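Look at the whole chain first. Then follow the report from the overall layout down to single residues.

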Amino acid sequence: MKTSKTIYHHYNDGETLAPWRERLNTIIFGAETPMGRGFDVLLSISIMCSVIVIMLDSVEAVQNRYAQILYVLEWGFTLLFTLEYGLRLISVRRPWLYFKSFFGLVDLVSILPSYLILLFPGAQPMLAIRILRLLRVFRILKLSAYMNEAQVMMMALSKSSRKIMVFLYSVIMLVVVFGSLVYVVESREAGFTSIPVSVYWAIVTLTTVGYGDISPQTPLGQMLASTIMIMGYGIIAVPTGIYSAELIRTYTAEKVRNDACPDCGETGHDFDADFCKYCGHALED
């Protein structure tokens with residue numbers, strides 16, 4: 001009897017492309033090649049500058065004085081990132097997989113607002129335009145694609161996500177139970193007007209934030225509050241421990257080179273490798 005099996009493909013897996021596309025792939029996705037490093041540095045600087053422009057554009061005094069300059073800069077960055085997005089789709093071996101990937105969607109979301117805003121007449125509500133402008137800030141997420149350490153941290157977070165989700169589920173149960181209890185114990189005059197409000201107070205107390213806008217007045221309520229505060233100090237360290245342990249394991253397991261093979265463009269070679277493990281071509285020092 002045949003069994004079906006789902007095979008995962010990376011967007012850079014597949015047949016060898018035309019030489020010029022392979023060269024482009026090495027520059028764009030090969031983080032350790034000289035031109036690849038230059039490309040990443042230039043793109044990282046452009047992303048940071050574009051986010052700064054977006055932030056300055058939200059300051060009324062700056063916007064009123066430099067509106068035209070900010071507009072030109074924004075469109076300059078938009079065209080630059082549009083070109084970069086197009087080059088990535090051209091150079092990648094599986095364009096559709098890249099389009100659906102996290103960074104592919106970030107690339108798309110970071111450039112679409114500028115074009116979508118053109119479809120909004122000036123009489124349209126400004127809120128819609130502000131939401132579209134806010135989406136441009138997603139460009140900052142692209143920075144992690146050009147930092148090896150950030151990739152390792154994201155991988156560790158992904159591997160520990162199930163444990164953290166179980167932990168968060170336990171915390172949610174705790175705040176719902178304690179919030180309901182304090183709602184029963186305390187009066188409306190103390191600020192506990194509903195269970196959702198009481199759950200909000202439990203979250204603020206458990207995380208040791210303690211805004212002080214709501215506080216229990218009865219001895220039993222204060223005892224519940226003290227219990228939540230003490231629990232909070234122990235609970236906060238749990239996700240940190242989970243993530244730290246996974247981060248150490250990931251750092252140990254991910255000791256590989258990120259430079260692309262000059263011949264086939266593949267990455268992920270061992271640090272001490274002299275030849276590509278996919279095609280056997282000599283790797284650059």
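The protein's secondary structure comes to 10 helices and two strands. Helices (H or I, at least four residues) and strands (E, at least two) are DSSP runs, numbered from the N terminus. Along the sequence, the pattern reads α-α-α-α-α-α-α-α-α-α-β-β.

This is a predicted model, in which local features need pLDDT of at least 70 and side-chain atom pairs count only at pLDDT 80 or more, while totals for chains, interfaces and linings use all residues. Residues are numbered from 1 along each chain as its sequence is written, and side-chain values use heavy atoms, with hydrogens and water left out.

**Confidence**

pLDDT is the predictor's confidence in each residue, from 0 to 100. Its mean over the protein is 79, and 80% of the residues reach 70 or more. Two stretches need care. Over residues 1-9, pLDDT stays under 50, and the model has two contacts beyond four places in sequence for them. Contact means heavy atoms within 4.5 Å. Over residues 123-127, pLDDT also stays under 50, and here the model has zero contacts beyond four places in sequence. Where pLDDT is low, the predicted coordinates should not be read in detail.

**Inside and outside**

The protein has 285 residues, and 35% of them count as buried. Buried means under 20% relative accessible area, exposed means over 50%, and partly exposed lies in between (1.4 Å probe, protein chains only). The protein exposes about 17,600 Å², with carbon and sulfur atoms supplying 68% of it. Accessible areas come from the Shrake-Rupley method with a 1.4 Å probe; for residues, only the protein chains shown count as cover. Take the contacts between residues at least 6 apart in sequence: 58% of these join residues at least 24 apart.

**The cores**

A nonpolar core is a set of buried Ala, Val, Leu, Ile, Met, Phe, Trp, Tyr and Cys residues joined through side-chain atoms within 4.5 Å. The largest one has 18 residues, and Phe29, Phe81 and Tyr98 touch the most other members. Helix H1 (19-29), helix H2 (34-57), helix H3 (60-91) and helix H5 (102-117) each give two or more residues to this core. Apart from it lies another core, of 16 residues, including Val171, Val199, Ala202 and Ala225.

Now zoom in on H1. Its buried residues include Glu22, Leu24, Ile28 and Phe29. The buried residues of H1 pack against H2, H3 and H4. What does Phe29 contact, leaving aside its neighbours within four places in sequence? The partners are Tyr11, Asn12, Arg88, Ser91, Val92 and Tyr98.

**Salt bridges**

Side chains of opposite charge can pair when their charged atoms come close. A salt bridge is a side-chain nitrogen of Lys or Arg within 4 Å of a carboxyl oxygen of Asp or Glu. The structure holds two.

| Pair | N to O distance |
|---|---|
| Glu22 and Arg93 | 2.9 Å |
| Glu84 and Arg88 | 2.5 Å |

Glu22 is in helix H1, and Arg93 is in the loop between H3 and helix H4 (95-100). This pair links distant parts of the chain, 71 residues apart. Both Glu22 and Arg93 are buried.

Glu84 and Arg88 both lie in helix H3, four residues apart, about one turn of the helix. An α-helix has 3.6 residues a turn, so residues three or four places apart point the same way. Glu84 counts as buried because its relative accessibility is 4%. Arg88 is buried too, at 4% relative accessibility.

Ser198 lies in helix H9. Why does Ser198 count as buried? Its relative accessibility is 0%. Not counting residues up to four places away in sequence, Ser198 touches Gly179, Val182, Tyr183 and Phe192.

Ile214 sits in the loop between helix H9 (195-206) and helix H10 (219-253). With a relative accessible area of 12%, Ile214 is buried. Beyond its neighbours within four places in sequence, Ile214 has contacts with Ala190, Gly191, Phe192, Val197, Tyr200 and Trp201.

On the surface, Val41, Ile45, Met48 and Ile140 form a nonpolar patch, with about 330 Å² of accessible area together. Patches are made of residues with over 30% relative accessible area and no salt bridge: like charges are joined within 9 Å, nonpolar side chains (Val, Leu, Ile, Met, Phe, Trp, Tyr) within 5 Å. Met48 lies in helix H2 and counts as partly exposed, at 40% relative accessibility.
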